[in-house]
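Subject: Structure handover

Hello,

Please check them against your own view of the coordinates.

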Amino acid sequence: MNAQSNLLSLDINVLAVLAVSLLLSVSAVVLAAFLWWRLRSTRSAPAAANDPPNLDQASKLLHEFEKNGRAADDVLVNWSPETLRQLLASELPDAQVIVVSNREPYIHNLVDGKVKLLVPASGLVSALEPVTRTCSGTWIAYGGGSADRLTVDDNDRVQVPPDRPSYMLRRVWLSDEELQGYYCGFANDGLWPLCHIAFTRPIFRASDFEMYQAVNQKFADVVVEEARNERPIVLVQDYHFALLPRMIRQRLPDATIITFWHIPWPNSEVFSICPWREKILDGLLGSSIIGFHIQFHCNNFTESVDRFLESRIEREDPSITYRGSTTLVHPYPISIEWPPVGFQNQPKASECRRQIFEKYGLAEDMWLCAGVERLDYTKGILDRFMALDQFFQKNPDWVGRLVFLQIAAPSRGTLAAYQQLHRQCLDYVDEFNRRYGNDRYKPIILLDEYHNQEDICRVYRAADICVVSSLHDGMNLVAKEFVATRDDEQGVLILSTFAGASRELLDALIVNPYDPSAVGEALLRGLNMPAEEQRDRMRRMREVVRSNNVYRWAGSMLLDAARLRKRNEAYEATEPAARAETSTNVVPLMGKKKGALR
């Protein structure tokens, strides 16, 4: 009897479950039919001329606007100054472009009582100067030249370039105390070694950070002064201005702020060393877009934000939502101008070689390796000298036949780490040349002085091999400059795997700079490389640099900026409808995106 009762109870329970399931299914069908009818009614109703677009259209539009900037490569293939001008005219009409950097593109110095113009040897300047020329923008930078104050107007402005003025340079004046704390202190004693895997300990001082904040605020005030409207496009450059985007955002909330971080970004564990890590991240997330050279650095930045700030991370279309706003985080590999205007008036490669060999007293049958860097511990200068030592030990027949010409422009000479490096390089070269050289032969020629672009170009064109053995680098434009100058399609590039350029210039001889034996083997391979193989490799690398030039770099960021502006305009047009139809599934999406992309 009990068994029958249990079976009966079980049957009733099963029937109840089936009945509920059937009822839910019928309800779902009825609801789906009702929603389908509503949708058809909405679509078939004629839209009034002044009605905003419906939310379905808006969501599709927003999705299109929020695509990754790689679409730039599909739409405009051959990037040039004219392409960039057309982009600005069509996508960002009447937009004011403001560039902010620590280093200025033109420096005026007093030499023997006369004003002399100096163009600094800087990858940042090489990349941004042609872009700013094309945009007819405003460049805000620290005026550090001894004659800089003598050459500006009453508003601290000067038209540049001097021979053909095309944009405005606004100089910002810093005291010695400000420069010491902001630039030498927090930026280069702290952030620079923090972001580079070169095993130099970062030094953080509270007084330096206070000065860093003050100088960032001073630059923010100048940006607001120079802005002609409330919606400028501000291109913030590098680690000197991590706090600047947030400061600009507070004063110009509708500005499009694109921050480009020119150096590597460390992993979150290394970044945690910084005592003001949250403030650095908060400042950068005032940007509309944050750009890095490679995806790996984007990932490191995103992981740092995820670890230290309450935020929402979007992985599919990489972005970070923080404090109600969203910042795109994309890779934009920086490059150089193409065609390289500064190299166009150079003599043939053979004539450059003759001039360089004559200048340094080299025999005609000598082989020439070249390195061109700032004197910096991240560039691996000592390491390449040690690799040359191992090369000579293993290949003694090359002693007397090979010279390494190293240009090492002085840099940050007031910092102890750079003073020590300079001394080490001088001592090592002296000892090396005594060991392998003689009165007529010096295997290493170290030029620890500034050189202009024309002199550097002649060295590039004269060299058999260019060595770029950075221990850690964001991109390294020396590699691309060497390739750009070699219109004779000869020469070999030896390139560090820890430079961002190694992701693009795959026909270089890629090396681990920490392995002197491997660098020596690459030297031997380069010296023995047939002319035909050199030509094939150089042609492919030149095509990469030609197509991925600095105008593509800038254009990709500006196209993303244009999409953000259009996206905001689309949202503003649909905002009344978004409030009216809060029951649809599109509204939470749009609400989530509100103000997110500026």
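Two strands are taken to pair if DSSP finds at least two bridges between them. In this predicted model, strand β9 (residues 289-292) pairs with strand β12 (residues 325-331) in the parallel sense, over 4 bridges. Within that pairing, Ile-290 has Val-329 of β12 as its bridge partner.

Both strands belong to an open sheet of 10 strands with mixed pairing, in the order β5-β6-β4-β1-β7-β8-β9-β12-β11-β10. At the edges are β5 (157-160) and β10 (312-314), each of which pairs on one side only. From one strand to the next the twist averages 20°. Helix α11 (residues 295-308) packs on this sheet and touches β9, β10, β11 (319-322) and β12. The direction of α11 makes about 150° with that of β12.

The other item is a helix pair. The axes of α13 (residues 381-394) and α17 (residues 516-527) come within 8 Å and cross at roughly 65°, which makes α13 roughly perpendicular to α17. The crossing is right-handed. On the α13 side the contact is made by Met-386, Ala-387, Leu-388, Gln-390, Phe-391 and Lys-394; the α17 residues include Pro-516, Ser-517 and Val-519. The contact residues divide into 9 nonpolar, 3 polar and 1 charged.

Met-386, in α13, is partly exposed, with a relative accessible area of 39%. Leaving aside residues up to four places away in sequence, Met-386 touches Tyr-428 and Pro-516.

Regards

Conventions:
Residues numbered from 1 in each chain as written. Predicted model: local features only at pLDDT ≥ 70, side-chain atom pairs only at ≥ 80, totals over all residues. Heavy atoms only, no water. Axes fitted to C-alpha atoms, helices over the stretch in contact; angles between N-to-C directions. Helix = DSSP H or I, 4+ residues; strand = E, 2+ residues; numbered from the N terminus. Parallel < 35°, antiparallel > 145°, perpendicular 65-115°, else oblique. Left-handed = near helix turned anticlockwise from the far one by under 90°. Contact = heavy atoms within 4.5 Å. Nonpolar A, V, L, I, M, F, W, Y, C, P; charged D, E, K, R; others polar. Buried < 20%, exposed > 50% of the residue type's maximum accessible area, 1.4 Å probe, protein only.
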